[in-house]
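Welcome! Here is a short briefing to read alongside the sequence and the 3D view.

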Amino acid sequence: MGIFLNPNNDNFLAEAKSLYVDKTMLIDVTNRYLDDPTFKFVCISRPRRFGKSIAEDMLAAYYSKGADSKELFSRFKISKTASYEKNLNKFNVIKIDLNARMSVWKTVAPKERSEENVIAFVQNQVCEEFREQFTDMDFGESNSIASFIQKIYKEKGETFIIIIDEYDVMVREQVSQEEFEIYLAFLNSLFKNAELKPAISLAYLTGILPIIKDKIQSKLNTFKEYNMLHAGKFAEFTGFTTEEVKALCEKYDCSFDECKSWYDGYKVGDFEIYNPQAVVNAVVTGEFRSYWSHTSTYEVISDKIQMNFDGIKDDVITMLGGARIDVDVELYKNSMTEFDTKDDAFTFLIHLGYLAYDAEEEQCYIPNREIYKEWQHAIKKDSDYAETNKIIESSKNLLKETLACNEKAVATALDVSHIHVTSNRSYNNEDSLQSAIYLAFIYAINNYTIVKEMTAGKGFADIVYIPLKAGSPALIVELKHNKSAQTALNQIKEKQYFDCLVNYSGEIIFVGISYDEDTKKHDCKIEKFVK
């Protein structure tokens with residue numbers, strides 16, 4: 001039993017004793033991939049805070065010969081599967097967190113380092129544990145993990161499972177070319193060595209970025225890649241699913257609707273995925289807010305939206321207005337520095353979780369309230385988005401005037417919003433009108449679940465605002481382009497759009513909004529209704 005070689009189950013044991021959502025069926029997937037030359041090399045990438053480390057601790061606790069985990073896993077779903085006992089604690093496991101190792105190595109003064117680079121540091125530590133655990137073998141003077149694995153496989157027939165967290169840290173840290181070449185050689189020794197492949201039953205790598213094209217891809221081309229764009233069999237393990245969040249909200253007496261509006265929105269495969277860390281924090285503390293780390297958010301978003309790509313500002317404003325934009329995610333090189341188009345910038349932000357991606361529609365969007373707030377923080381100091389930021393800041397007053405049924409004030413505010421938001425954008429149809437109106441009312445995201453094109457009565461309501469807290473009125477907004485606001489208001493009533501609020505009773509405010517292309521003016525009609 002060691003820290004890196006055949007670790008015990010202490011980490012996962014501690015996690016399982018706290019608030020743990022049963023994700024052990026991930027093991028059922030990896031069990032099916034064991035020793036399969038086509039699938040046994042797995043590379044998982046997803047944003048920070050999405051449970052990568054917990055998954056790795058779980059896999060190590062299950063497979064490692066250095067643990068006795070039968071009792072630990074007995075209460076979880078995996079224990080009911082056919083392959084459970086066959087593979088439980090049957091493998092030599094090597095588990096390395098490269099980011100943690102790099103951090104430790106950096107704390108050692110250069111003059112006191114016995115290893116000249118972090119990879120040598122890692123190999124020495126792991127090989128020391130090999131010598132401690134395989135005392136009957138002579139490894140000579142070598143300090144190569146690959147050579148140790150090969151020797152054990154040749155003499156004992158034992159295979160290994162390799163788990164590497166933050167495999168992409170060398171790219172993110174932008175280490176020197178010399179250090180990077182050493183890292184590539186390390187990957188090459190483990191995963192490109194034909195003689196070593198039979199000795200590896202499973203390799204499970206995780207990181208934030210997908211495999212970096214033109215840098216690491218040649219060394220990891222045996223790996224099947226699963227990420228925020230294409231998660232395959234790992235989709236439901238990317239984050240919390242809707243059913244898992246519903247169960248947590250019921251257990252901790254939290255509002256599921258509010259949890260959904262704050263942390264949902266990532267569509268991965270067939271699953272709606274929630275940010276796990278944020279959900280756990282919210283249900284434990286009872287406080288719904290952004291738990292995203294603000295440390296690098298401003299720089300990450302701001303650097304990308306300031307890139308001089310044609311149309312990037314218009315697309316950002318469109319997304320801030322709640323709409324989705326088309327994006328080509330296939331040409332991005334998975335780099336942190338090489339961006340040729342705005343599609344590359346947006347694809348990068350998808351992988352980091354600042355945007356979500358709809359694979360069917362090939363569109364990206366801001367997924368939820370938590371991430372919207374991060375975008376607000378990012379554009380607040382950005383002069384290019386000063387006017388848009390003013391609209392967001394004034395949205396609070398616009399909502400107040402709407403709830404007060406002040407038709408003239410609402411129409412005037414929308415005129416101002418139109419000037420700022422659409423200076424370089426098309427505003428000649430109801431779709432663009434809807435995006436602009438959504439942005440103008442964006443403050444409502446703090447108090448309402450917002451649904452566009454909601455099936456209602458005898459048609460579809462343009463925008464429905466469902467209150468998160470009892471006592472607040474609901475809003476139904478209907479938009480008309482080059483038609484009267486009264487026509488919009490009448491449509492809400494005639495088509496009984498209020499029927500969409502099945503479980504809601506109380507005050508509803510009907511809001512009819514029109515925009516005249518000739519006069520460039522809005523009109524507004526508001527009426528109250530009690531359901």
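Ala 194 sits in the loop that joins helix 10 (177-191) to strand 4 (200-207); helices (H or I, at least four residues) and strands (E, at least two) are DSSP runs, numbered from the N terminus. With a relative accessibility of 59%, Ala 194 counts as exposed, where buried means under 20% relative accessible area, exposed over 50%, and partly exposed in between (1.4 Å probe, protein chains only). From C-alpha to C-alpha, Ala 194 and Tyr 497 are 65 Å apart in space, and they are 303 residues apart in sequence.

This is a predicted model, in which local features need pLDDT of at least 70 and side-chain atom pairs count only at pLDDT 80 or more, while totals for chains, interfaces and linings use all residues. Residues are numbered from 1 along each chain as its sequence is written, and side-chain values use heavy atoms, with hydrogens and water left out.

**The chain as a whole**

- The chain contains 21 helices and 16 strands.
- Its C-alpha trace spans about 90 × 50 × 40 Å along the principal axes.
- The chain has 531 residues, and 56% of them count as buried.
- Among contacts with a separation of 6 or more, 69% come from residues 24 or more positions apart; a contact means heavy atoms within 4.5 Å.

**Charges and salt bridges**

- There are 63 positive and 82 negative side chains, and the centres of the two sets lie 2 Å apart. Lys and Arg count as positive and Asp and Glu as negative, while His and the chain ends are not counted. Each charge is placed at NZ of Lys, CZ of Arg, CG of Asp or CD of Glu.
- Side chains of opposite charge can pair when their charged atoms come close.
- How many salt bridges does the rule give? The count comes to 20, a salt bridge being a side-chain nitrogen of Lys or Arg within 4 Å of a carboxyl oxygen of Asp or Glu.
- One of the pairs is Lys 156 with Asp 136, whose closest N and O atoms are 2.7 Å apart. Lys 156 belongs to helix 8 (residues 145-156) and Asp 136 to the loop between helix 7 (118-133) and helix 8, so this pair ties together parts that are 20 residues apart in sequence. Lys 156 is partly exposed at 35% relative accessible area, whereas Asp 136 is exposed at 57%.
- Asp 358 pairs with Arg 324, with 3.0 Å between the closest N and O atoms. This pair links distant parts of the chain, 34 residues apart: Asp 358 is in strand 10 (residues 356-358), and Arg 324 is in the loop between helix 15 (312-320) and strand 9 (325-326). Asp 358 is buried, at 8% relative accessible area, while Arg 324 is partly exposed at 38%.
- Asp 415 pairs with Lys 521, and here the closest N and O atoms are 4.0 Å apart. Asp 415 counts as buried at 13%, and Lys 521 as partly exposed at 47%.
- A network of salt bridges links Arg 48, Glu 166, Asp 168 and Arg 172.

**Nonpolar cores**

- In soluble globular proteins, nonpolar side chains tend to be buried together.
- The largest nonpolar core has 122 residues, and Phe 130, Phe 191 and Trp 375 have the most contacts inside it. A nonpolar core is a set of buried Ala, Val, Leu, Ile, Met, Phe, Trp, Tyr and Cys residues joined through side-chain atoms within 4.5 Å.
- Leaving aside residues up to four places away in sequence, Phe 130 touches several residues, including Leu 5, Ile 94, Phe 139 and Phe 160.
- A second, separate core of 32 residues includes Leu 26, Tyr 33, Leu 72 and Leu 88.

**Backbone angles to look at**

- Most residues other than glycine have a negative phi.
- Asp 35 has a positive phi, near 65 degrees. Asp 35 lies in the loop between helix 2 (25-33) and strand 1 (41-45), and is partly exposed at 43% relative accessibility.
- Cys 405 also has a positive phi, near 60 degrees. Cys 405 is in the loop between helix 18 (386-403) and helix 19, and is partly exposed at 25%.
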